[in-house]
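Reader: Hi! Could you walk me through this model?
Author: Happy to, have a look first.

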Amino acid sequence: MSTKHSIAAAKFVANKKQAAWHNETLWMVRAKRDKMSKDIPEWEQLRDLACNIKLYSNSHLEELLQEFEKNATANGAIVHWAKDAKEHNEIVLGILRDHDVKHFVKSKSMLAEECELNPFLIEKGIEVVETDLGERILQLMDVPPSHIVLPAIHIKREQVGELFEEKLGTEKGNSDPTYLTRAARKHLRDKFLNAEASMTGANFAVASTGDIVVCTNEGNADMGTSCPKIHIAIMGMEKIVPDQESLGVFTRLLARSATGQPVTSYTSHYRKPREGGEFHIIIVDNGRSKILGQPDHIKTLNCIRCGACMNTCPVYRRSGGYSYTYFIPGPIGINLGMLYSATEYFDNLSACSLCLSCSHVCPVKVDLGEQIYRWRQEMDKIGKASKEKKVMSAGMKFLMERPILFNSALWMSPVVNVLPRFIKYNFLNEWGKGRELPEFAKESFNEMWKKNKVK
Amino acid sequence: MNSKELILESIRKHTQTKYEKPELSVDAITYPDKQAKFCEMLQFVGGEFLILKEGENLNEMIMRLNPEAKRIGSTLSYITCNTFNPDELENSTELNGTDLAIVEGLFGVAENGAVWMDQNVKHKALYFISEKLIIVLDKNKLVNNMHEAYRQMEIGQYGFGVFISGPSKTADIEQALVIGAHGPKGLMVILK
Amino acid sequence: MMKIGLFIPCYINAIYPQVGVASYRLLKSLGLEVDYPLDQTCCGQPMANGGFEGEALQLAKRFDNLFKDYDYIVGPSASCVAFVKENHAGILAKEHHECTSSGKIYDICEFIHDVVKPTKLNAKFPHKVSIHNSCHGVRELYLSSSSEMNVPYYSKLRDLLSLVEGVEIFEPSHVDECCGFGGMFAIEEPEISVCMGQDKVKDHIETGAEYITGADSSCLMHMEGVIKREKLPIKTIHIVEILASQL
C-alpha cells in the first residue's frame, strides 16, 4: 500500500532529530505568519479580495495579457510568448546568444525550475549563477530546493560551512550564519559585477501599466538587474493582475504569509529598460491554459507561491520537500503535480490527512485540501488507484451494505482482542507501526440497544 | 499560427466561467500616529530612523552617525557631505565600494516601514550597492497602508520604482536571521 | 416535540459503545425525544477519503432512508457528521436522489450548544482535561475558531465543559494541529501518522492534563494507540462521557 511519498517520508522521519528540527522550524514560520495576520483586522477581507481578483484575472487572461503586452511594449520592453518549457528555454538562449552572454545571474524563479532552464543553458556553455543565498548553496551542492521560499531549509549550518570552506575558501569549522552570509556576499558581488545579463521571475505583472513586480529580501534581484544591462523577466501567465490597486491587496498578503514579515525588503517595479539596456519579458503557458478548462481545479491558478501551505502542512513538515516526486512539494505541489501530469505524480496524493489547514492559511483561498480529496476520486479512473485500498474499500462497502453481516461482525469482533500479538500485528501491520490496536467492545451499541440495555 | 496566437486560442478555448472584477474597497487599517507606527515598523524590520529636529543640520548628523564612511555618494543638491556624485559615473559597476549612499524617498508606508522611491538617479544600483543606505524623507509624506500607497503613484511616471523596507536580509541558513545579504547591510530613514 | 434520530458511527458501535450510551443519556436528560433507528452501519467516509466515493453511494442512500422521519440527526462524531453534511448531497446527486440528511445533521456538541442551549448540566468531572480540536470539527463544523484565521476566539467544546463541575480546561500549544489519523492516511503513511500522533499526545501531556477529550473518537482512538504503545501518562475520553458523567 506504499507510495513513493510514503517510502521517502518514512526514511525522513526515521531520523528523529532532523525531522523534529525541520518540523519545529517550519512551525515557527507558520507562527510568525499567524502573528502578522492577527495584526491586520481586515485580514480575512483581504483574502477574499485576493481570491476574487485572481478569479477575475484568470478568467480574463486573453484581454489582460494583451493589455499588458501593449503597455509593456510602449514602455520599451520586448515581450515574448512561450507556449511551453522548451520554447521558453530557446527564447532565453536566443537573447543570451544575441548579446554574446557568457555570465548569467539569476534570482529565484520556480518557473525557471519548472522549465529546467539551468541545465539547458549550462550545457550550451553559459555560466548560470543562482544569486539567492539558499539557491546558491544548493547549486554548489548540486541538489534541488526542498521548499519554494526557504529552499535550503533542510540544510544545517555545518553543511554550509563545509561547503563554503571547499568552494569559497572560508575558515575551517566556522559555521556562523552571519560569517557565511558575508562570504557569500563577497563571492556573489563579484558575479553581479561581471555578469552580462540577469534573470528574474515575476511575482506580479500589472496589465494596466506593463510593470513587472519582484518581491525579495536579499537584494539579489536588484543587484542582478542593476549591474548587467540585459534583464530577462519570466512569468507564468497567471501572474497577471489588472491594475496597481490590486497590488495593494497582494503586497499586504504575500510576505506576511510567506515569512511573517510585514513586507519584503524590496518590492521592485520594473517598467522600462535601463538606459542603454534591454528589458525582455517572457510570458509562459506550459499547461496553464489547460487548467482553465478544469473548474474543479481552477483556483490553483490563484497561487502566489508564498509557501504558507507548506509551513502549516503537518505532513510536509515531517517528510521534507524531497519526499515529494514533483519539484514543488507540499499541498500546492501535490495539486500542481496532478495538473501537470496525474499519471506521473499521483504518488503525492497519499501525503495528506485532509486536515484542511492549508486551505485556511492560503492567502488567496486555494481550496488545496478539498482538491486533493477530489483528485483521490479520480485515481481509479486513471488506473492508478492503490489495489490494496480498492480491496479494502470494496470489502468495507460489502460489509456496511449488509447490516446483518455488520452486526455479526460486531458480535465477533471482540475475538480480535484475544488473538496472539504476532497475528494481530501482521494482519494490521501498518497500524501496528507505533500504535496498539483499539479493543473491540464485548457488546456493540447495536446489541446493547436490542437487549434494552441503553437507558 | 505563432505562439502568441496559439496561447490566446488555448485560453479562449478553455476559459469557462467569467468572474466579475471585485470592488476594491477595503476597511484598511489606519494609525492615529503614522510617524510613530512607521518608525516602529522600520525598527522591526531591522532599519533605523532619525527624526531631524529643528535647527539640526542634516549633513552634520549624517557625518556624525557615519564616521567610518569614506566613500559617500549622493546626487541630492542639499547633501554636501558626499565625496562623489554617482550621476557622473559612466557605469553602475563603478559604484561598487560605496560605503554610504544618500537618496531621497517620495513617501513612506506606516504599516510596514517601507519607503517608495522612483528612480531619479542615473544608476539604480545606487539604491542597492552600498554598504549602508540613507533615505531622506519628508515626514509629512506618510501614508497608512499599501492601498493608500498605490493610490499615490501616478501612471507612466517611472522607469523603475521600488519600495524599500529596512536593510537587505536573509534567513536561508537554518532560519537564522542575518541582516545584510547582497544589498545594504544597514538602512536609515531620516525624517525631516 | 422534535424527534431526534441518534446516529452511531460504525467504529463507535464496535469499539466505543459507551460513547453511544452517554450520548443517549445526555440527550434524554435534556428532555429530548431520542430514537435509534436500528441497523445503522457506516456513513461511507473511510471509502471516500481513500478515493472511492462511489462505494459510499448505497450507504448514503441507506442513511438518508433510515433517518428520513426525524427532525434532527445527532451523532457523537464531528468527523462523520461533517462527512454526511459536506459530501452526501453530492454523492446522492449523482443518482438524482435528493439528500434530506445533510440539512438536519448535527454533531452532538454542536446540537447541544447551538440548538438546546442549556444553562446548566448535571455533570461533575474533577480532573484536568486538554481539549483535542479535531480537524473536521474545527474546519468543517466550526466547533471552534480555526487558528489559521483572524477571527475572534470561540470554542463550543470549552463552553460545554465549563458547565461541568470541577473540571479544569486546557488546550495544547498547537491548538488545532492534526493528530495524524486521517482515515486511510493512518495506514497509507503510517510513519508520518504515528509521528503526528506522538507529537500531538506530547503536546496534550505538556498542558498537565490527565485526560485528552474531544468530539471525535477516531482521533482519540489513534492517540490512544500511541499512548498504550508508549505507556504514556494520559488517558482519552470522549467529551459526551464527561458531559454525561453523573447520568
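Reader: How much of chain B is buried?
Author: Buried residues account for 45% of its 192 residues. Buried means that 20 or more other C-beta atoms, placed from the backbone, lie within 10 Å of a residue's own. Keep in mind that this is a predicted model, where local features need pLDDT of at least 70 and side-chain atom pairs count only at 80 or more, while totals for chains, interfaces and linings use all residues. Residues are numbered from 1 along each chain as its sequence is written, and chains are lettered from A, with ligands numbered from 1, in the order in which they are written.

Reader: Thanks! How many helices and strands are in chain B?
Author: Chain B has four helices and eleven strands, taken as DSSP runs (H or I of at least four residues, E of at least two) numbered from the N terminus. Its radius of gyration is 20 Å, well over the 16 Å from the globule rule for 192 residues, so chain B is more spread out than a compact globule. That radius is taken over C-alpha atoms, and the rule is 2.2 Å times the number of residues to the power 0.38.

Reader: And β3(B), which strands does it pair with?
Author: β3(B), residues 100-104, runs parallel to β2(B), residues 72-74, with three bridges, and B:Gly73 sits opposite B:Ala101. β3(B) also pairs with β6(B), residues 132-137, in the parallel sense over five bridges; there B:Glu104 has B:Val136 as its bridge partner. Pairing takes at least two DSSP bridges.

Reader: Is β3(B) covered or exposed?
Author: Mostly covered, with four of its five residues buried.

Terms used
A residue is buried if 20 or more other C-beta atoms lie within 10 Å of its own, exposed if 12 or fewer, and partly exposed in between; C-beta atoms are placed from the backbone.
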